[in-house]
Amino acid sequence: MSSGPIQNTSLVPGGVIGDGRYRLLAQSGVDRRCDAHLWRARDGQLNRDVALTVLVGDPADHAAAGRAKRTAERAMHAASFTHPGVSRVIDVLTPGAGIRLDEGILAVIVAEWTQGTDLLDLVAEGPLPAGAATRLLEPLGAAIEGAHHAGLVLGADHPQRIRVTSDGRLRLAFPGPRPEAIARDDVKGLGAILYLLLTGKWALPNGPDGVPVAPTGPDGSVLAPSALHPYVPHELSSVAVRSLEDTSVGGIRTSAAILQVLDQIAQSEAQTALIQPVQDDPADDGAVWTTQRPVRDKDHKRKLMISVAVLAVATLAVVVWLGVQIVSFFSDEPSRGGGPTVVIGQSTTPGQSGQPAPPPPQPAGPVQPASVGVYDVTNQPDNATRANRAVDNNPTTVWQTENYFQPFPALKPGIGLMAGFAEPVKLSSVTITSPSEGTVVEIRVAGAPNAPLPETKVIATATLSAGQTQIQLGDHEPTQHVLVWITKLGGSGKNNRSEVAELVYTRAQ
């Protein structure tokens, strides 16, 4: 049995490997998952720089040698694939066929050298803006999509294998997928690279030393980039974390889905860029200081007084708005359980103790829920602190979803409002007041507020009209938890959003 990889003394700057052909210049990283050392080297025969993926190990360890051979074979198969997002494989060196490898080296993958900078150096100073991250990632995503269509796996799931080209594209600079890697790993790699660009943190296991690890929530799932940096667009944040998930519900499993969101974000950024900047005042001569006494300008003074007054009014409005938001924020408490995220907000009928009051004992008629919360299987609930607006008996206040560039289930299988009652109730109908015509909902009963979606039961389905829609419910056992689950949003094209102004639950006879 092997005691571990043989130490190779030639893997140092200035060392020469591959029958003396390649002189090592600088190490770019180490992928410890497969003992791959990533180097920039000089090809002495062709007098050019190349990228070397050097697989090290003990030749007597048949398992390690077999893994290295499989990686080399997969890299050789990928040599026929050409794309700007992937460095072209030039050669693959394995023992035999007249090739002598240095001690402790099992295989070497030779690829074109990618001019530019390392990906980790790019994010060392902090996260990138959403638009820049999108533009960088698109070429790599397109390369992965093309490779998958050709039946190939690239192995783009380690940040030190990626470089940034001089013209601003991410490129797989060190090809050579692990022997067990599948297409899903490339998709996870795209999501993790996007997460890294947006947060500066790595979201997959066994990342490189010194790179901050992505934080996780109580259920172990990676926190969304928007939770760390609120300026990150919801769609981009969602696609990053959904690409990492292995769940059967809601996970993104193809690079095509990622590319579609990247394209939409890029178009949105381009449209924003078309907005004309505010022009400088031509009367401004650019002076920033003077030793002369200012000239008394009555018109200028009048404008200044108006500006001060407007600023004062605006400041007062902001203070009032912040007060309202703080009150709204503290009216909701997030749940701590596992399963889907359900952020619960109290209803507007508290009891004497401050706790939600039980519904009045009546045989039939409307029944007020004790609480309501946003139910989301992706841990990214939309407008969670405003859920109680749907049961505040005020149709002028609304809870609304985020605006989605793609309809469900592209990024989410759906989203909903989970009502909790003080005691088990049997309902005859749910009436939804909404301006979002075409929204499709399911009424489901659940055993707990954070029950997994497959464990909830559908008792009615309806398409909402603009205004009030009364949904008659099927027979069900009394329950304390009722979910209004949105499976299709209102709107179309790149504007998919639904609003719920009021929910009325009617107790059965």
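**Entry 1: the model.** I am working with a predicted model.

**Entry 2: the cavity.** I found 1 cavity of 30 Å³ or more in the structure. The space in the largest cavity comes to about 60 Å³. Next I listed its lining. Which domains supply the lining of the largest cavity? Domain 1 (15-114) and domain 2 (117-272) each give at least three residues.

**Entry 3: the helix pair.** I turned to α3 and α4. Helix α3 covers residues 130-149, and helix α4 covers residues 183-199. Two packed helices are described by the angle between their axes and the distance between the axes. For α3 and α4 I noted an angle of about 170 degrees and axes 10 Å apart. Angles over 145 degrees count as roughly antiparallel, so α3 is roughly antiparallel to α4.

I then went through the contact residues. On the α3 side I wrote down A130, A133, L136, L137, L140, G141, I144 and H148. On the α4 side they meet A183, D186, V187, L190, I193, L194, L197 and L198. By class, the contact has 13 nonpolar, 2 polar and 1 charged residues.

**Entry 4: a cis bond.** I checked the peptide bond from F408 to P409. Is this bond cis or trans? I found it to be cis, with omega near 5 degrees. P409 sits in a loop, with β14 (399-400) on one side and β15 (415-425) on the other.

**Entry 5: a positive phi.** I stopped at D19. This residue is not a glycine, yet its phi is positive, at about 60 degrees. Where does D19 lie? I placed D19 in the loop between β1 (16-17) and β2 (22-31).

Notes:
Residues are numbered from 1 along each chain as its sequence is written. This is a predicted model: local features need pLDDT of at least 70, side-chain atom pairs count only at pLDDT 80 or more; totals for chains, interfaces and linings use all residues. Side-chain values use heavy atoms; hydrogens and water are left out. On a 1 Å grid over the protein atoms alone, a cavity is a set of points where a 1.4 Å probe fits but cannot get out, and a pocket is an open set with protein on both sides within 12 Å along at least five of seven lines; lining residues have an atom within 4 Å of a point. Grid points are joined across faces, edges and corners, and a volume is the space filled by probe spheres set on the points. Domain bounds come from an automatic or database domain assignment. Axes are lines fitted to C-alpha atoms, for helices over the stretch in contact, and angles run from 0 to 180 degrees between N-to-C directions. Helices (H or I, at least four residues) and strands (E, at least two) are DSSP runs, numbered from the N terminus. Angles under 35 degrees count as roughly parallel, over 145 as roughly antiparallel, 65 to 115 as roughly perpendicular and the rest as oblique. Contact means heavy atoms within 4.5 Å. Ala, Val, Leu, Ile, Met, Phe, Trp, Tyr, Cys and Pro count as nonpolar, Asp, Glu, Lys and Arg as charged, and the others, Gly among them, as polar.
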